[in-house]
Amino acid sequence: AHIGVGGFSRAHQFYVLDQLEGGESSWGVMGVGIKPWDAKMYETLKRQDFLFSCNMRSEAVNEVVVVKSIVDYAPIFSDAASFDKLLEERVKIISLTVTEKGYCTTETGELDLANEDVKADVSNFESSPFQPQTAVGLICRVIEERRKKGVPTLTIMSCDNLPMNGLTTKKAVLSFAKQVGGGLLDFIEASVPFPNSMVDRITPVTSKEHIEEISKRHLINDEWPVVCEPFLQWVIEDKFVDGCRPSWDKVDGVIFTDDVEGYEFMKLRLLNSTHSSMSYISTLAGFKLVFESMADKDVESFVRRYMGEIVATLEPVAGVDFAEYMNTLVERFANPEIKDSLDRLSLDGSQKFRNALAPALVQLKESGGEMKTCRVALAAYLRYCAGVDMEGKAMQCVDDPMKAGLEDVGGRMKASPEKGTCEEFLTLVFGEDLVGGWGAFVDGVFSAYLELEEKGARAMLVA
C-alpha cells in the first residue's frame with residue numbers, strides 16, 4: 001500500500017514494480033489517499049482502470065510505458081471504511097511519499113504535537129471508523145488494528161527526500177504511538193522495520209502541454225500522465241518483515257544494501273540542496289524553467305561552485321566518483337525535454353533546506369570550509385521571500401509550511417536590511433541550535449544580501 005500517490009511515486013516506485021517480470025507479477029500497489037487533494041488523482045486513475053503512462057524524456061529518448069502496477073485504491077479521504085483494506089494480510093509493505101511536511105515534525109525532527117492534524121488523530125485514535133489526517137496517525141492505527149486482529153505486521157518504507165528517511169519516519173511514528181499508549185510503542189519497536197532508502201528521478205509537474213504531446217506523439221489519451229527523465233536510482237536498506245518484498249533490484253538503477261546513508265547524503269546534499277539553492281537566485285535573475293537557467297553559463301557556473309563547496313562535507317561512497325556524479329547532475333538539470341519549473345524547486349524551501357542542507361552546514365561550521373556560494377544562495381532565498389522581484393514588481397512566492405513567517409521576515413528585510421533580521425530568517429529555517437552563536441555565518445549571508453540588493457541577481461551568479 002502506498003500513501004501519497006503523486007507524480008514522483010508513479011514515475012519511480014510504481015514504474016519499477018511494473019518493470020518486474022515473471023514471478024514478480026503477484027505484487028501490486030494499493031494507493032492510499034487521506035487528504036482532500038488526493039481525490040483528483042483517485043478519480044482520474046479510477047476512470048482509467050488505474051492505468052497511467054510514464055513518459056521518459058531527454059534529447060536522446062522519448063519513450064512511453066503504460067504502467068499497470070496499481071491494482072487497488074483506498075480513498076480514505078471520502079470513504080473511511082476503505083481503511084479496512086490496509087488490514088488485509090495481502091498488504092505486506094506500507095510505503096509513502098508525503099513530502100517533508102507530511103511527517104508533521106518540528107525543526108528538531110520531533111513529531112509536532114501542536115499540529116492540528118496530529119492532535120485530531122491522537123484524539124480520534126480509538127474512533128470507528130477512523131478518518132486519519134496524517135500519515136503517522138494512519139500507520140499507527142493500521143499497526144494497532146492488525147495487532148489486535150492477529151494479522152502479521154508489515155514494513156513501513158519512506159520514499160521521501162529526508163535524511164535517513166526510515167529512521168525519521170520511525171521517530172515520528174514512535175512519538176505518535178507514545179501519545180496513544182496501550183503498548184503500541186513497544187510493539188512497533190520490537191516488530192516493525194523502517195528501512196532507509198534513497199530515491200532519485202527528476203519528475204516535473206504534469207502540464208497540459210505534456211498531456212497533449214503524449215496524445216499526439218504516442219497516441220495515448222491519458223488524463224494525468226507522468227513525465228520524467230530516463231535516469232532512475234533507488235538504494236534500499238534490505239530490512240523487511242520476513243524478507244518479504246519484491247525483487248526491485250532486478251530493474252536497472254535499483255540496489256539493496258545494508259548502508260544507505262552515504263548514498264542518501266550524497267543525493268540530498270548534491271541534488272536536492274542544489275535544486276533549492278539554484279531556484280531562488282535563478283528566479284530573481286528572471287528565469288522560469290530549470291533547463292533555460294542551466295543554459296546560461298553563469299547559472300551553470302554558480303551550480304558547479306555550490307556543489308564544489310558542499311561535496312567537501314561528504315564521506316566517500318563506494319563505487320561513486322563525486323566529480324562524475326556532479327557532472328551528471330549538471331547534465332540532468334539541463335535536460336531541455338523535462339521543462340521542470342523553478343517554482344517546483346522552490347516549493348517548501350524551508351523544509352528542503354533543513355533536511356538537505358543543514359547537516360552539511362553543521363560540518364562546514366566545524367571545519368571552517370568554504371561557503372561563499374552557499375551564503376549567496378541563502379541570501380537569494382531571503383530576498384525571494386520579500387515577494388518582489390529585483391525590479392520591485394510583485395512576485396508570487398510558492399507555498400511553504402512557514403510561508404507567513406518567511407514572507408514577514410523577507411518583507412521587513414527588504415524594507416530595512418538589518419543583520420538581526422537576517423539572523424531571524426536563518427534561525428527560522430535552520431533552528432537556533434545551528435545558527436545561534438555562529439556570527440560568521442550570519443555576517444556572511446547578511447553581506448551577500450546587501451551585495452545582492454546593490455548589484456542584482458545576475459551579478460551574484462558570477463564568482
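Ala, Val, Leu, Ile, Met, Phe, Trp, Tyr, Cys and Pro count here as nonpolar, Asp, Glu, Lys and Arg as charged, and the others, Gly among them, as polar. This is a predicted model, in which local features need pLDDT of at least 70 and side-chain atom pairs pLDDT 80 or more, while totals for chains, interfaces and linings use all residues. Residues are numbered from 1 along each chain as its sequence is written, and side-chain values use heavy atoms, without hydrogens and water.

Select Glu 107, Thr 108, Gly 109, Arg 354 and Ala 358: of the 24 residues lining the second largest pocket, these lie nearest its centre. On a 1 Å grid over the protein atoms alone, a pocket is an open set of points with protein on both sides within 12 Å along at least five of seven lines, a cavity is a set where a 1.4 Å probe fits but cannot get out, and lining residues have an atom within 4 Å of a point. The lining of this pocket has 10 nonpolar, eight polar and six charged residues.

Next, select Thr 283, in helix α8 (residues 261–284); helices are DSSP runs of H or I, at least four residues, numbered from the N terminus. Leaving aside residues up to four places away in sequence, Thr 283 touches Leu 342, Ser 346, Tyr 384 and Met 395 (heavy atoms within 4.5 Å).

Helix α16 gives the largest share of its lining, three residues.

Finish at the second largest cavity, whose lining includes His 275, Phe 291, Arg 332 and Asp 340.

Terms used
Helices (H or I, at least four residues) and strands (E, at least two) are DSSP runs, numbered from the N terminus.
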